[in-house]
Amino acid sequence: MKTDGSAGGRTYLAALPMSLWAFLFVGISLLYVIGLSLLSRGEGFGAQLPVTLDNYMRLGDRLYLRSLWLSLRLAATTALMSLLFGYPLAYFISRARPRARTWLMILLIAPFWTNALIRIYGWKILFYANGPINSVLRSLGLIEKPLKLLYTDFSVLVGMVYAMFPFFVLPVYSSLERMDWTMAEASRDLGATPLKTFFTITVPMTLPGIMAGLVLTFIPSIGLFFISDLLGGANTMLWGNLVQNELLKSHDMPFAATLSVVLLALTGVIILLYKRVGGKADDIVF
Amino acid sequence: MSEDTTLLSLRGLRKTFDTQEALNGLDLDVIRGEFLTLLGPSGCGKTTTLRIIAGLEMPTEGQVFLEGKDITLLPPEKREVNTVFQNYALFPHMNVAANIGYGLRMRKVPKADVLKRVDEMLRLVQLEGYGKRMPSQLSGGQRQRVAIARSAVLSPKLLLLDEPLGALDLQLRRQMQSELKKMQQQLGITFIYITHDQEEALNMSDRIALMRDGRFVQLDTPHNLYERPATAFAATFIGETNILDCTVVGISGEEVLLDMSGIAIPATTEDWVVPGQTLCLCIRAERLHYAKKSPEGFFLRGTFKGSHYAGSERTAEIELNTGHTLFSRQRTEQEETVLPGETVCLWWDRKTAGLVIDDREETT
Amino acid sequence: MKKNSFWSSLYIAVIILALYLPIMVVVVLSFNGNTGRTAAMNFTGFSFYWYKGLFDPISGFGTQMLTSLEVAFWSVMISACLGTLGAVGMLRQKMRKAASERAVMKMTGIGEQLAMLPIMIPELILGIALMALFSLLKLPFGKMTLIFAHITFCTPYILITVKSRLSTLEPTLQEAARDLGASPAKAFATVTLPLAAPAILSGSLLAFAMSMDDFVISFFVNGAQTTTLPLKVYSSVKVGVTPQVNALCTVMLGAAFLVVAVGQLISALAEKRRADTTKKVQA
């Protein structure tokens, strides 16, 4: 007879199916990608020995370095723009009446339950030379010739910020909601101006939310390829587009794996940095 | 103790959590039908003992016998023992009737019988008509009664109650104490009750097991525990007690002469007392008297420092010239006006002062 | 103060408007009566023209919709089981364990961390990793690989929601059930599961929405014959603006809002039921 008759029992066994699934489809598949990145290109989609670092050597090429730089710059711009537009939004919503707050949050989140592609497609229509934005501007007499909006860095940035926006607003909003507002009142009471209170109390108190928001917008931004695909046309070669090309056009599995490993490493470094400055892992899962 | 009067026996119970000793070899016999209280400061192992009896925790060593049968390895659902949890643990998604009927349903009792017995139980705990309420709609006292009803409906051989009154306010606590005691007699179930409240323990119990650091310090009736504490810890945990650290100077017949920092104090001896031993003389605060006039017989002198008024009683603080501070609690209607700084005489009836071993410094 | 609240309201209004602008454009143009070459841009009149062809066996989207629904259904069903059991198994336990049991617990602990990874790393990486793994295992790319991939990224959503719900439950509830005579399985079925049910449901709805929406991962693991709706939308939209896609998108938007509304309704009802005085006796 088993000696363990307690209420806890062996419930930990319930996590076994999920764990095995994750070991196979996440753990092993990621390890396999790392392994592939050390092999040479085989026939078709295949890979073959010997083990080599050639794929990593190729990364030194100007083309790849430039793409990496562009991707990181775009991701950083996206995160900063989300901060610039998102923080005031989260702040204003958190200062609204409770009922209004709930509705505003539902209004904010609802679009993101719909397909990202469709929303980006909506921007594509808006940005067309003969699309709604240009039509409105023209009928207002502000421009004479249609502006070139689509297939520019600007349109890609708009699409990125648009797609990443809630991932910034949500953590910041929840840290604003958790904040003890009597502290801001105390600061006013002690003689600080509203602006000074905002920068010495509110911002530092919500810093964990801001950091989580930046990480949550930055990480996915490096790998997104369909936004630049749809809004940036052929001239924007981001890291994600490179991976997609290597895989689907060049059929070079090992090199695509190498590019993904770089992305994975970047993600890891950012998460480590985030934890280093005191961020909690739980704050960046959504 | 004979087999048929003993309901539950614990033998050599030990429990270690990681490296921490929670229980240090417990032996206990619970008599059928009694109200036994496990009393002790938090962290003394009361709850662990209870959880082991319930089967929610496994002892590291030792055995649990119910009616002579070894149930140490039995899972909780197979024991004829039920628990009333500290936070009641009522199922929030079931109404009161469903909560009370839960155990019966698990035993596959026919539906009609379940309804009947739930109704009986609701009547017993004075919650008729509350069957369809959800636990969230009940007051603290009502939840507590549902929790008891839910366990008692199964007519367990033994009911374990883990600080069931802990969450209630003082007035309700007092009321529930007598209700619980009444309920226990009505149901005729053996209760093992946990509390850290000495007053509660003295009020309700047939016997009290005083615990400390995973051991029993004393197992006795409330009266004996109060009047004849076994150790200095027992004396200080229950009631307000003056502890005088003394050395035994000499013994002659019934009498023992003690020395406390140069003051000679006579007392009644115990059979374990030997000359040269250090021990404690304990005097309950309410049994220590003081007055400006010196009494007949033995007394001590001290300086009146001040007093705390508490309605019917007043506790005076008196400092001896050895530096010891003693407390004397007297009824306010008999009090004499003494000003701070005045000298007073202190005395007590020798029968009410007991000798105990000093175990206050012990820690694990 | 008054002035401040005006400007902040205006700011909120402008941002929210910008969030809905692209959606509204798609919806409005889907009812465009203009059937010419500029149909995707110039609104000339109201019509259902573009909806009529949606289920056309050749140019319609019926098959893709069925594929998406089928993939989402199975993925959610399986990941709901994996995630719920996972959350139950991850509950902290007071019990002292034997070395072998501790080893298993350690393994499931790592498993949980791995299970959470899909929603922390860029989707692209998981897509490629799964594609590589599936070709290594020689699995034919198609519905099965799509379902496997979707289970992998749906599970964390359910794990999170159920785990956070379970962590708010008193651990003594399960103990009380055992104490009252329920076996571990019975205690799970009568206490843990009903209390976690709303979380399982809302986690499943979230996972369903994620599965229906997924483009990046599906992009790498789909088969030539199995196209999901988002993949179809992508290939139509990439080449240019095709008016019929507007109609399809509008249908998808409507469905997404419906799922959210149903989810909100269910959790609101669950709240209400909990507070309801006249609940049926379960005995």
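## Chain C at a glance

Chain C comes with a mean pLDDT of 83, and 87% of its residues reach 70 or more. Keep in mind that this is a predicted model, scored at ipTM 0.85 and pTM 0.78. In short, chain C is a helical chain with 11 helices and 0 strands, and 75 of its residues are in contact with chain A.

**Confidence**
- One stretch to treat with care is residues 277–283 of chain C, where pLDDT stays under 50.
- Even so, the model has 21 contacts beyond four places in sequence for residues 277–283 of chain C.

**Fold of chain C**
- Chain C runs to 283 residues, and 47% of them count as buried.
- Take the contacts in chain C between residues at least 6 apart in sequence: 74% of these join residues at least 24 apart.

**Where chain C meets chain A**
- On the chain C side there are 75 residues in contact, and they touch 73 residues of chain A.
- Sorted by class, the side of chain C that touches chain A has 57 nonpolar residues, along with 11 polar and 7 charged ones.

Note on methods
Residues are numbered from 1 along each chain as its sequence is written. Chains are lettered from A and ligands numbered from 1 in the order in which they are written. This is a predicted model: local features need pLDDT of at least 70, side-chain atom pairs count only at pLDDT 80 or more; totals for chains, interfaces and linings use all residues. Two residues are in contact if their C-beta atoms, placed from the backbone, lie within 7 Å. Ala, Val, Leu, Ile, Met, Phe, Trp, Tyr, Cys and Pro count as nonpolar, Asp, Glu, Lys and Arg as charged, and the others, Gly among them, as polar. Helices (H or I, at least four residues) and strands (E, at least two) are DSSP runs, numbered from the N terminus. A residue is buried if 20 or more other C-beta atoms lie within 10 Å of its own, exposed if 12 or fewer, and partly exposed in between; C-beta atoms are placed from the backbone. pLDDT is the predictor's confidence in each residue, from 0 to 100.
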